[in-house]
Amino acid sequence: MKLGPLNHVGVATPSIDEAVTFWRETMCASVIHEPFDMPEQGVRVCFVDTPNSQIELLEPLGADSPIAGFLEKNPQGGQHHLCFEVPDIEAARSRFEELGKRILGPTRIGAHGTPIFFLHPKDMGGILTEIMETPEKPADETGKFAWAQ
């Protein structure tokens with residue numbers, strides 16, 4: 001397994017609309033993507049671009065959303081997870097399994113359209129960790145993220 005770059009920081013929020021206002025007005029973010037629903041994961045998602053990564057805003061779609069439990073403990077929201085890229089998701093999953101790290105659920109398709117899985121925070125220094133297969137980069141390698149195209 002080879003660890004790639006930090007892709008995004010997941011931030012749980014009770015309101016994507018309010019969070020977008022914060023990122024636009026307080027943090028001066030200029031590229032904020034349209035929110036979209038991921039019913040299979042129980043969340044509404046909105047990406048905020050930063051110069052070297054993204055913020056993934058996550059709002060629960062209902063009471064059974066995995067984000068709902070987090071927001072019960074943290075009503076204002078906050079950092080939910082870190083997401084790192086890897087070139088080969090299956091090799092990464094195998095490596096973490098060999099190390100005895102608890103993988104939370106099956107590998108599935110994430111918000112960037114690539115395979116992902118999560119690792120239990122108790123096995124990852126207290127941090128819920130998402131591992132995602134590296135998205136395809138632009139052909140001209142302009143330096144823009146594939147998801148910013």
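How many cavities of 30 Å³ or more does a search of the whole structure find? The search finds one. The model is a predicted one.

**The chain**

The protein chain has three helices and eight strands. From the N terminus on, the order is β-α-β-β-β-α-β-α-β-β-β. The C-alpha atoms fill a box of roughly 45 × 40 × 25 Å along the principal axes. Is the radius of gyration what a compact globule would have, or what is it instead? For 149 residues, a compact globule would have a radius of gyration near 15 Å, and the chain agrees because its own value is 15 Å.

Buried residues account for 42% of the 149 residues. The chain exposes about 8300 Å². Carbon and sulfur atoms supply 53% of that area. Contacts also reach along the sequence. Among those between residues at least 6 apart, 53% join residues at least 24 apart.

**The spaces**

| Space | Volume | Lining by class |
|---|---|---|
| Largest pocket | About 550 Å³ | 14 nonpolar, seven polar, five charged residues |
| Largest cavity | About 40 Å³ | four nonpolar, four polar, two charged residues |

The largest pocket is lined by 26 residues. Nearest its centre lie Pro66, Ile67, His80, Phe118 and Leu128. Several elements give two or more residues to this lining: strand 3 (43-49), strand 4 (54-60), helix 2 (66-73), strand 5 (78-86), strand 6 (103-109) and strand 7 (115-119). Which of them gives the largest share? Helix 2 does, with five residues.

The largest cavity has its own lining. His8, Phe47, Glu56, Gly110 and Ala111 are among the residues there. His112, Thr114, Ile116, Glu130 and Met132 line the cavity too.

**Leucine 128**

Leucine 128 is one of the residues nearest the centre of the largest pocket. Where does leucine 128 sit in the chain? Its place is the loop between strand 7 and strand 8 (129-133). Leucine 128 counts as buried because its relative accessible area is 16%, and buried means under 20%. Leaving aside neighbours within four places in sequence, leucine 128 is in contact with His80, His81, Leu82, Leu104, Phe118, Leu119 and Pro121. Leucine 104 lies 24 residues away in sequence. From C-alpha to C-alpha, leucine 128 and leucine 104 are 9.8 Å apart.

**Leucine 71**

Leucine 71 belongs to helix 2. Is leucine 71 buried or exposed? Its relative accessibility is 10%, so leucine 71 counts as buried. Not counting residues up to four places away in sequence, leucine 71 touches Ala12, Thr13, Pro14, Pro60 and Gly77. Isoleucine 55 is 16 residues from leucine 71 along the chain. Their C-alpha atoms are separated by 17 Å.

**Cysteine 28**

Cysteine 28 is found in the loop between helix 1 (16-25) and strand 2 (36-38). Cysteine 28 has a positive phi of about 60 degrees, although it is not a glycine. Most residues other than glycine have a negative phi. Is cysteine 28 buried or exposed? Its relative accessibility is 62%, so cysteine 28 counts as exposed. The cut-off for exposed is over 50%.

Definitions and conventions
Residues numbered from 1 in each chain as written. Predicted model: local features only at pLDDT ≥ 70, side-chain atom pairs only at ≥ 80, totals over all residues. Heavy atoms only, no water. 1 Å grid on protein atoms, 1.4 Å probe; cavity = no way out; pocket = protein on both sides within 12 Å on 5 of 7 lines; lining within 4 Å. Points joined across faces, edges and corners; volume = space filled by probe spheres on them. Helix = DSSP H or I, 4+ residues; strand = E, 2+ residues; numbered from the N terminus. Nonpolar A, V, L, I, M, F, W, Y, C, P; charged D, E, K, R; others polar. Rg over C-alpha atoms; globule rule 2.2 N^0.38 Å. Buried < 20%, exposed > 50% of the residue type's maximum accessible area, 1.4 Å probe, protein only. Contact = heavy atoms within 4.5 Å. Areas by Shrake-Rupley, 256 points an atom, 1.4 Å probe, with all protein chains shown as cover.
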